[in-house]
Structure formats: structure tokens, C-alpha cells
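Subject: Structure for you to look through

Dear colleague,

Here is the structure that I promised to pass on to you.

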Amino acid sequence: MAEIRKKPRISREDALEALFTLAGPVGTERIPADDCCGRVLAEDFISAEAVPPFAKSPLDGYALRGEDTAEACPERPTVLEIVEEIAAGKAPQKTVQRGQAAKILTGAPIPDGANAVVRFEETRFTEETVTLTAPVRPDTDIVPAGDDVKPGQLIAKRGELITPPVAGLLAAVGRESVCVFRKPRITVVSTGNELTEPGVPLAYGKIRNSSYALLKGYMEAAGAVVSAASIVGDDVDAIARALWRSLEASDVVVTTGGVSVGDYDYVLAATEKLGARRLFWKVRFRPGGTMLAAEKEGKLILGLSGNPASASLGLFLIGLPFIRALCGLEKTPPKRTKARLLTPIEKDSPFGRLVRGRMELVDGEVCFRSVDSQGNGALTSLMGCDLIADIPPDTPPLPAGTLIDAYSLR
Ligand code: AMP
Ligand code: MG
């Protein structure tokens, strides 16, 4: 054990790389296209239909032949005969001939023969005729068929997130179902003799299991389905058994607590007992870097700190990029940005430091406002937290105005 303790911490990049070697989508499924937002495409989405399917009018007016109006002026207006009215959803019945026009409403198909639309407001009209005092150039105010999407067009690729516009496009081209990657199933094993579930009276010295709900929220937002194993006490065999059962039922097992070097920290020993291969233990960041990754039959066991805030940081930097890859998204590290400190960082950071904060845009510049409490267990420090300052080792206290590097959670 003493020898392990001295081992230098693994870098964040190497830790993520180690997980990415395991990560691949966990399978595919076909789901209704009207319920697919937030899922990841497992097929290239190629349109089979044009959008719009026909040339249409973008406004209420008259469809006509532009050339018929070439001579129109206030002194010698052009008068056209109205041959029909075309409302949205109606197929035109007539061809617009020389000297004719069709009344047309927004979204209705342009009739054969017509090549331009003039809006109501620019005409004088009766039931029978429409009068123009200025020419209308051919192609004016016509939305061509396929203006938005052509048949055969690649709209989104396998591995892309289905955003609201992609969902809209699936509907626009008539798709009823879509092939997506299955959501990875994650079981969380909460370890700790002190843990008590909500609903059970708290004995003195016990605490609530808050990390589970917190981490479940973050992991589900990233695309996983998360469930809880029963709480296990600080006992190697009990933890190993819980890991075993959870691995059977899920794609990934996340543990909380017991992953440090304290007398009651048994998660590492439990993974060893299980014969899991250690990928890393302790990553170079704090708080939260005391985390464990082990692999059993291709599945990941990710051991996070028990402290809610520390566990969240481990999740943001290492866990969530891995989960996104399991969801079928690209293997990418967490997003980074430069940010200007709005509040000073008063402590020095001999080992480097992750500081929780909020992003504010000031005169178009990304700025960082640290949250008040930075306690490792402070759940409130995570409220609204969308920017994590990444202060490197050997950094003195930093005044407001300093430009820093940060992870963006947006
Ligand atoms: P550990 O990682 O086991 O050393 O725990 C670190 C701190 O987090 C201790 O104060 C624990 O009581 C607390 N803790 C452990 N598990 C949880 C949990 N599931 N929810 C809230 N706090 C926890
Ligand atoms: Mg503990």
C-alpha cells in the first residue's frame, strides 16, 4: 500500500485516454421520431423527401407570370384576371395563362404557369381582377421545392446529437422512427457506514445519501439511465458483492465514497478482490482527483469520492466525457475556455486547484465569479455552477482581473 501511495497521480489526459479505450456505444435501438430529442443518431440521417415538397408562396397575394407585368406603371396599370383561389393544403386546379393570376395564401403551392407572387398590399383587387402599378420580376416571393432540404441530402451524421432542429427535420421529411444509440445503464453503489436514505430517520452521526441524487442528475443529463444499488457499508466483501451484482445489470458501475487511503476506504480493495484491472487511481486535480477506474470484462467501475462536490468534479472532468462516448457521441475532453476573474482567488494553490464558479459575460468577455463556499461537501456550491477555474500548481493568490483557464460545463 505504501508503494502505491507514492505513485505520482496520473494526468487528466491519460486518465481520460484510459477510459476512452473502453468506451464505445453500448448498442442501438429504433425509437419513435417524435420522442428522440437528446438522443444520439446511430444512422446517417438522409432525407428521402424535399422540404418544402413543392414550390410554395411565403405570403398572401397573387401568383402571376412576371412577364405579364413588365409594363405596369401608375399611368398604365396591368389588370389580371383571377382564375382561382389556392389556400394552403389545396392543389391548384388551373394553369395561369397570359393575363391571368391566382389568389394564393401563405404555404399554398404555386400553380403551373405562374413564376412570381405579389403580396396583397401591393395591389388593388376585386373578386375578379387584380391590378398592379409596378412590374413583378419573375421568381419574386417563391419558395422553391427543396429550398430547405433536398431529397438525398445528408442532414445529420451517425454520432450526432438529436437537437430540436434535427427532430423537426425528421418530422419534416416524414420519418416516424429513427435509429439511435441505446442509453448506457449505470448503477451507483453508494458506500459508507454513515449513509442513510431519505425517508429513514437520521441516527446521530449518520448523514443523508445526497451524492446519489446529485450524480444521477448529472449522468442522466449526459444521456445515461441511472439506478441505485442498495447502500453498502464500509466492508470489502459487501462492496465486492455489490459491484458484482451491479456489473451484471449495467454497462458501468459508479461508486461513491471509500476510495481514498483512510482506514475505512475499501473500494480499491473490493475491485481487486473482484479481479478487476485497475486503470488508474488518483488523478492530478483537486478536489475530486482521488478517484478510481477499474475494468472488469470490458465494463468500467468508476470510483468517486463520497463528498458531493468532489465527486461532481471527478465526474465533470473524467466521468461525463466517458459517458458521452458510451452514448455514441465523439470522444472529447471537457470544454475549456479562457475566463477573467471577477473575484480574487485568495488562497495560493501549491498543488493546483479547481474552483467552482459561474460564467458571466461582461462586455462580451467570458468572466468567472467563484461561488462563496468551496467546501468539498458543499452541495450549494454546485448550484448554478457552470464554470470551473483550473488553477495550475504553484500559483500565488490571484487578483480579480487575472485571465485564467477554466472548464465550461455549458
Ligand atoms: P469518503 O469519500 O468515503 O472519504 O467520504 C468523504 C465525505 O463524503 C465524508 O464526509 C462522507 O460522510 C461523505 N459522503 C460519503 N458518501 C456520501 C454520499 N453518498 N452523500 C453525501 N455525502 C457522502
Ligand atoms: Mg467513507
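Lys282 counts as buried, because its relative accessibility is 15%, and the cut-offs used here are that buried means under 20% relative accessible area, exposed means over 50%, and partly exposed lies in between, with a 1.4 Å probe and protein chains only. Lys282 sits in the loop between E16 and E17, where helices (H or I, at least four residues) and strands (E, at least two) are DSSP runs numbered from the N terminus. The phi angle of Lys282 is near 80°, which is a positive value in a residue other than glycine.

Please keep in mind that this is a predicted model, in which local features need pLDDT of at least 70 and side-chain atom pairs count only at pLDDT 80 or more, while totals for chains, interfaces and linings use all residues. Residues are numbered from 1 along each chain as its sequence is written, chains are lettered from A and ligands numbered from 1 in the order in which they are written, and side-chain values use heavy atoms, with hydrogens and water left out.

Pro287 also lies in the loop between strand E16 (277–281) and E17, and the peptide bond that leads from Arg286 to Pro287 is cis, with omega near 0°. A cis peptide bond is also found from Val51 to Pro52, here with omega near -10°, and Pro52 belongs to the loop between strand E2 (45–46) and strand E3 (61–64). Asp394 has a phi near 60°, a positive value in a residue other than glycine, and is placed in the loop between strand E22 (387–391) and E23; Asp394 counts as exposed, because its relative accessibility is 67%.

When residues up to four places away in sequence are not counted, Ser310 touches Pro287, Gly288, Ser305 and Asn376, where contact means heavy atoms within 4.5 Å. Ser310 counts as buried, since its relative accessibility is 3%.

The buried residues of H5 are Ala238, Ile239, Ala240, Ala242, Leu243, Ser246 and Leu247, and what covers them includes strand E11 (185–190), strand E15 (252–256), H6, strand E17 (292–296) and strand E18 (299–304). Ala249, also in helix H5, counts as partly exposed at 49% relative accessibility.

Thr271 lies in helix H6 (residues 267–273) and is buried, with a relative accessible area of 2%. Leaving out residues up to four places away in sequence, Thr271 touches Leu243, Ala276, Leu292, Ala294 and Ile301, and its side chain reaches the backbone oxygen of Leu268 at 2.6 Å.

Finally, which residues come nearest to ligand 1? Among the 14 residues around ligand 1, these are Glu194, Asn209, Gly258, Gly306 and Asn307, where a residue is near a molecule or strand if one of its heavy atoms lies within 4 Å of it. An N or O atom in the side chain of Glu194 is 2.6 Å from an oxygen atom of ligand 1, and a backbone N or O atom of Gly258 lies 2.8 Å from an oxygen atom of ligand 1. Taken alone, ligand 1 exposes 490 Å², and the protein buries 75% of that, with accessible areas from the Shrake-Rupley method with a 1.4 Å probe, and with only the protein chains shown counting as cover for residues.

Notes. A polar contact is a pair of N or O atoms within 3.5 Å; within protein, one must be able to donate a hydrogen and the other to accept it, and residues adjacent in sequence count only if both atoms are side-chain atoms.
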